[in-house]
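Readers new to the structure may wish to follow each point in the 3D view.

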Amino acid sequence: MNGSLRRPLELVGIGLTALLAVIMIAFVGLEWLRGYGYAEGLYDQFIIFGQWMDVYLGTNVFSYGFMWRSVATAVLIGIVAPLVGTYLVHREMALIGETLAHTAFAGVAVGLLFTTTTDWDGSLLTAALVVGVLGALGVQWLTERTNTYGDVPIAIMLTGSFAVGTLIISYGRGLSGVNIEEYLFGSAAYVTTGGSQLMAVLSLVVVAIVAVTYKQLLFITFDEQAARVARLNVTWYNTLLIVMTAVVVVGAMQILGVILVAAMLVIPVAAASQISHSFRETLILSILFGQLSVLGGYGIAIHQGLPPGGSIVVAAIIIYLFAIFGSSQSISALSTH
Amino acid sequence: MNPAVAIENVTFAYGDKVAVRDVSLTIEKGDFLGLIGPNGSGKTTLLHLMLGLHSPDEGSIKLFGEPVSEFEHGERIGYVSQQATSRGGTMPVTVREAVTMGRFPHAGHSRLSDFDYEIVDDAIETVGITELADRRVNQLSGGQRQRAFIARALASEADLLALDEPTVGVDAESRDEFYRLLDSLNESGITVVLIEHDIGVVTDRADHIACINQELYHHGDTESFVESDALTEAYGTSGQVVHHHH
């Protein structure tokens, strides 16, 4: 693509993504504040707008609050997952997301056990969040001691936490009526108000943290040893990154499910890295590709009445293949000069 | 005046394996020290100890008069590792972005200023890679890439430059240019500590030489090193010595 056109296009794309995110967070906020002052009226306007969309698109989707909730969650996943993923992929920690998703699954299991055996009525996502963050700290502890983000500690954490999760669920089976498949494969219709609120809050927090620590995270990703010499607190930033990953994974699990959640951390970043000229551009393109995957995948899912997790990941992979094709084109164009 | 680096009776072991034994060494400001020794002699470990990447088991290390563990002025140290170990391999980072990292310890969490970017441009110009500034680091040749890392150290306004075999895999011509650059930086007042397996390069460029094999075999100016038997003692008869004749 023409270089002079590319940058403005990227900026427009990021601007539109940000606008979409703001609207979606506004929706979640309105739903949260329903019953207070103007929020009720504005919320109703949203739904009326959705009814018009349904009329024009010939769908039966946007008239419902729960679908907006789900779309809002997906749009935010499409931003924060590639954002955190850009650092993870280039730290060669691509599978950490998958590991933490399995840890969060153990958290869901623990939450289920608690809700059925005690009178604790917290959400399962809260339990997943707590256990996911503990798992993140555990992985960090293991890697500090084994001195590498090798795949051995990761494989141990991944299978170990899933094993514990299955044990707890089998133990508690019959005590609860919750369908565990929603967590394994994700679901469009299953995003609770609490879940969408969690996603909105964590998205704001993660974006703010990355904005503030962009430089430090970039430095430790690019050259950890030099960052240590420059007296950056590498352990602290590593811990911050891995805890943010756990938080994002728990939010994203709602739509994508435990098994597919790593895809959004990795595939858009892999596609962006193929064709980017700089790290900054990689971040921008990762988010754009993430957003395109989410919207495209959601479109297919709604149209065909399928769960969106799979279609989002397939859309991301299609973009990835285009990026590989695009980059081999530009390399062959370069080499003819 | 405090020396740039003061190492006193430092011993360091990886588990049971002693890498550095009772080494004392002072590097004055403005020195160009060549650190040599056979493979596995502990020279990289000693460099890492100086930079605070490891803590000594015994002894003390001071950087610019401060104990290294309390030394917080990361911007004063520039570090260029063997290029095989730095991660720039696959990551899409431009030369300018990599050099800008030198300003990060100055900026902390605040935004970089125009002044920071000016210093970055100057550093890139000093090492002569201005026309490569917008290229990805992984598209550069070995020599160009190491220049970019030197520029990062310059951007951070380091007054101590530590290099660990920076020219492994760099062609001879670029290597000579690279060492001319190091010379001129040293003349401008930057203290240089260089690990290099090519002893010819070290005796040509460095004004002081430290020869180690676990223990320190020699430390002094280059002439006294050439006249001494330190080389054969440290490397033994079976050791491999790379000589590079000019």
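In the hairpin formed by S1(B) and S2(B), two residues lie between the strands, and B:Gly15 takes a positive phi near 60 degrees. The model is a predicted one, in which local features need pLDDT of at least 70, side-chain atom pairs count only at pLDDT 80 or more, and totals for chains, interfaces and linings use all residues. Residues are numbered from 1 along each chain as its sequence is written, chains are lettered from A and ligands numbered from 1 in the order in which they are written, and side-chain values use heavy atoms, with hydrogens and water left out. Helices (H or I, at least four residues) and strands (E, at least two) are DSSP runs numbered from the N terminus.

**Strand S1 of chain B and its partners**

- Seven of the 10 residues of strand S1 (residues 5–14) of chain B are buried (under 20% relative accessible area, with a 1.4 Å probe and protein chains only), so this strand is largely enclosed by the rest of the structure.
- S1(B) runs antiparallel to strand S2 (residues 17–27) of chain B, joined by seven bridges; strands count as paired if DSSP finds at least two bridges between them.
- B:Phe12 has B:Val20 in S2(B) as its bridge partner.
- S1(B) is also antiparallel to strand S4 (residues 58–63) of chain B, through five bridges, and B:Glu8 has B:Ser60 in S4(B) as its bridge partner.

**The open sheet of chain B**

- Six strands form an open sheet with mixed pairing, in the order S6-S7-S8-S3-S9-S10 (chain B).
- Strands S6 (77–80) and S10 (215–221) of chain B stand at the edges with a single partner strand each, so one side of each has no neighbour in the sheet.
- Strand S3 (residues 32–36) and strand S8 (residues 191–195) of chain B pair in the parallel sense over four bridges, and B:Leu35 has B:Ile195 in S8(B) as its bridge partner.

**Helices of chain A**

- Helix H4 (residues 96–117) and helix H5 (residues 124–146) of chain A pack at an angle of about 135 degrees, with their axes 7 Å apart; axes are lines fitted to C-alpha atoms over the stretch in contact, and angles run from 0 to 180 degrees between N-to-C directions.
- A:Ala39 lies in helix H2 (residues 39–57) of chain A and is buried, with a relative accessible area of 9%.
- A:Ala39 touches A:Leu30, A:Leu33 and A:Arg34 (heavy atoms within 4.5 Å), not counting residues up to four places away in sequence.

Notes
Buried < 20%, exposed > 50% of the residue type's maximum accessible area, 1.4 Å probe, protein only.
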